Amino acid sequence: MIYEFLTNSKKTEKVNFLKLLVLICLFIFCFACNTKEDKKSNVYPFITSSEPIRIVSVNDGNSIQSLWNNSRHFPNSVSVIELSPDRPPFTKTVENAAPNTFAGAPYGVTISNGRYAFIPNHPFGASNSVSDESSIITVVDLDTDKLSTIKTFEMPNHAWQVMSHPDDKRVIAISDHQFHLFQMNGNQPELISQSEPSELYFTSFAISPNGTSIIATAAERLDYSTPVELHLFKLSDNSIQHITEIEIQQNIGKIDQPFAPRFSPDGKRILVLNGLGIAGKPPLDDILNINMTTSPPKVTEVIKNVAQGLESLAFHPSGRFAVVTCIDGPYIGHLALVDLTSSPMRILNYQTVEFVPQGIEFSPDGKMLFVQSTTASHLSVYEVDGFNINKSPYILKTGEGPASLTVIKRNQN
């Protein structure tokens with residue numbers, strides 16, 4: 001019918017062409033309006049994520065007492081925050097879920113799809129003056145309403161830190177002189193191996209993305225004046241063996257008091273904070289870069305005089321940059337953005353952040369950055385746009401004194 005109409009005459013052709021043009025314009029207009037409306041409908045008055053993620057904040061309430069010289073006692077707690085693409089954040093905070101401490105590298109751990117949290121506690125530092133003095137690791141089921149304790153492991157001396165193995169089944173922990181390897185057997189955690197005791201005290205560590213290399217900070221004594229060393233270990237099957245001490249390239253600086261190392265996503269470099277995370281002290285701390293492609297690995301780059309106290313760091317999933325939390329003095333905190341695409345690496349900018357910046361993690365897709373603020377008792381949220389991190393007006397509330405942080409993608413099953 002349309003074909004006949006179009007072939008009757010030139011006038012008819014013109015009329016129908018105009019009609020068709022009008023219809024096309026109306027279609028485009030309606031499509032544009034609907035698209036605009038869809039975009040509007042996806043702008044929510046709350047924080048969303050591109051995929052379901054779980055954030056676990058372990059909170060040492062006693063840190064508030066020690067930081068502010070406050071006589072009031074705040075309980076320890078664990079906060080579990082769920083983010084999704086289209087729903088408001090869901091948060092549950094359970095007080096006294098597990099003893100924990102403010103002193104140590106603030107990297108938390110969860111395994112088995114983010115369900116089980118391994119939470120260390122040790123009697124070291126002023127923040128533990130009124131808390132549980134035991135050296136233990138508590139395993140908590142985050143899927144239960146009251147964050148039920150599955151098991152508690154008594155640890156020798158100081159249970160400093162735990163980290164999840166990349167296989168999401170095992171957990172590595174350190175006490176003063178040993179590595180300890182745990183795994184989940186169904187819904188029950190078990191200790192499967194321990195390293196031979198070392199003469200040195202281990203204080204922090206990191207594991208490579210492929211799960212075979214471990215870098216650890218170690219010292220002859222546990223005090224703030226003793227020089228700290230860097231050591232490389234190898235994990236084979238369930239055995240951890242010492243490989244070598246990490247040295248520094250000549251004439252670029254020194255390894256003094258390294259702390260809180262982390263591997264880059266490709267495993268080719270490790271960033272280490274040189275200064276034990278102690279705030280308000282001279283001199284300014286440095287950032288060390290360990291080149292893992294050399295044999296043996298060594299420190300080949302240093303960014304000098306970054307801040308008075310470097311506490312923690314996170315690599316962007318792209319590996320192009322990292323963000324470091326800086327504790328510059330009483331009530332002052334910053335983030336330092338480190339450009340890793342340049343040679344040598346460099347600081348691009350600083351941004352202020354609420355005091356005390358502790359744990360720091362990117363979302364798995366790299367679109368958001370989360371930073372714990374101990375005295376404000378919340379997580380600050382930053383939107384990531386290339387090398388820019390822009391602070392969101394929204395925060396995520398936690399219990400009092402957030403001290404370590406984990407962010408993990410949750411499988412929908």
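Let's start with a strand pair: E14 (residues 228-236) and E15 run antiparallel, joined by six bridges. Strands here are DSSP runs of E, at least two residues, numbered from the N terminus. Two strands count as paired if DSSP finds at least two bridges between them. Within this pair, Leu 235 has Ile 240 of E15 as its bridge partner.

A word on the model. It is predicted, with residues numbered from 1 along each chain as its sequence is written. Local features need pLDDT of at least 70, side-chain atom pairs count only at pLDDT 80 or more, totals for chains, interfaces and linings use all residues, and side-chain values use heavy atoms, without hydrogens and water.

Back to the sheet. It is open, four strands, antiparallel, in the order E12-E13-E14-E15. Its edge strands, E12 (201-207) and E15 (239-245), each pair on one side only.

Next, a hairpin. E10 and E11 form it with two residues between them. In the turn, Gly 186 has a positive phi of about 70 degrees. The strands, residues 179-185 and 188-194, pair in the antiparallel sense over six bridges. Phe 182 is partnered with Leu 191 in E11.

Last, the inside. What lines the largest cavity? There are 22 lining residues; Thr 101, Ala 105, Tyr 107, Pro 120 and Ser 404 lie nearest the centre. A cavity is a set of points on a 1 Å grid over the protein atoms alone, where a 1.4 Å probe fits but cannot get out; lining residues have an atom within 4 Å of a point. E5 gives the largest share of that lining, four residues.

Notes
On a 1 Å grid over the protein atoms alone, a cavity is a set of points where a 1.4 Å probe fits but cannot get out, and a pocket is an open set with protein on both sides within 12 Å along at least five of seven lines; lining residues have an atom within 4 Å of a point.
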